[in-house]
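This report goes through one protein model, from its overall fold to a few single residues. Please look at the sequence and the structure before reading on.

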Amino acid sequence: MREPQPDTPAGEARGTPKLSAKQQTELRRMHATGDYSTADLAELFTIGRATVYRSLQRASTSDIQ
C-alpha cells in the first residue's frame, strides 16, 4: 500500500521536474523555429507529449505576466 501524499497548496506541482530550466529554454526555442513537432521534441528530450505541452503552456503564461 502506498503512503498518502502530503497536502500541497492548490496550483503547486508535485514530484521532480522532468526538464531542467536550461532544457525548458531549449525546448521552447526549438518549438519556436517551427522545425520540430511536439512528438519530435518529446522524443528528443525523452519526455511525454503532455510534458512538452505543459512546458510550452508555462512559457506562454509567464510571458503574459
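## Overall fold

The protein chain has three helices and zero strands. Helices (H or I, at least four residues) and strands (E, at least two) are DSSP runs, numbered from the N terminus. Read from that end, the elements follow the order α-α-α.

## Confidence in the model

This is a predicted model, in which local features need pLDDT of at least 70 and side-chain atom pairs count only at pLDDT 80 or more, while totals for chains, interfaces and linings use all residues. Residues are numbered from 1 along each chain as its sequence is written, and side-chain values use heavy atoms, with hydrogens and water left out.

The term pLDDT stands for the predictor's confidence in each residue, from 0 to 100. Its mean over the protein chain is 84, and 74% of the residues reach 70 or more. Among the elements, helix α2 (residues 38-44) has the highest mean pLDDT, 97, and helix α3 (residues 49-64) the lowest, 86. Where pLDDT is low, the predicted coordinates should not be read in detail.

## Surface and core

The protein chain exposes about 5,400 Å², of which carbon and sulfur atoms supply 52%. Accessible areas come from the Shrake-Rupley method with a 1.4 Å probe; for residues, only the protein chains shown count as cover. A residue is buried under 20% relative accessible area, exposed over 50%, and partly exposed in between (1.4 Å probe, protein chains only). Of the 65 residues, 22% count as buried.

Which residues make up the largest nonpolar core? It has nine: Leu 19, Leu 27, Met 30, Leu 41, Ala 42, Phe 45, Ile 47, Val 52 and Leu 56. Helices α1 (21-33), α2 and α3 are the elements that give two or more residues to this core. Such a core is a set of buried Ala, Val, Leu, Ile, Met, Phe, Trp, Tyr and Cys residues joined through side-chain atoms within 4.5 Å. In soluble globular proteins, nonpolar side chains tend to be buried together.

Contact means heavy atoms within 4.5 Å. Not counting residues up to four places away in sequence, Met 30 touches Asp 35, Tyr 36, Leu 41, Leu 44 and Phe 45. With the same exclusion, His 31 touches Leu 41 and Leu 56. His 31 lies in helix α1 and is partly exposed, at 34% relative accessible area. His 31 and Leu 41 are ten residues apart in sequence, and their C-alpha atoms are 7.7 Å apart.

Gln 24 is also found in helix α1. Is Gln 24 buried or exposed? Gln 24 is buried, with a relative accessible area of 16%. Its side chain reaches the backbone oxygen of Leu 19 at 3.3 Å. Beyond its neighbours within four places in sequence, Gln 24 is in contact with Leu 19, Ser 55 and Arg 58.

## A salt bridge

A search of the whole structure finds one salt bridge (a side-chain nitrogen of Lys or Arg within 4 Å of a carboxyl oxygen of Asp or Glu). Glu 26 forms it with Arg 29, and the closest N and O atoms are 2.6 Å apart. Side chains of opposite charge can pair when their charged atoms come close. Because Glu 26 and Arg 29 are three residues apart in helix α1, about one helical turn separates them. Glu 26 is partly exposed, at 31%, and Arg 29 is partly exposed, at 46%.

Key. Polar contact = N/O pair within 3.5 Å; in protein donor to acceptor, adjacent residues only side chain to side chain.
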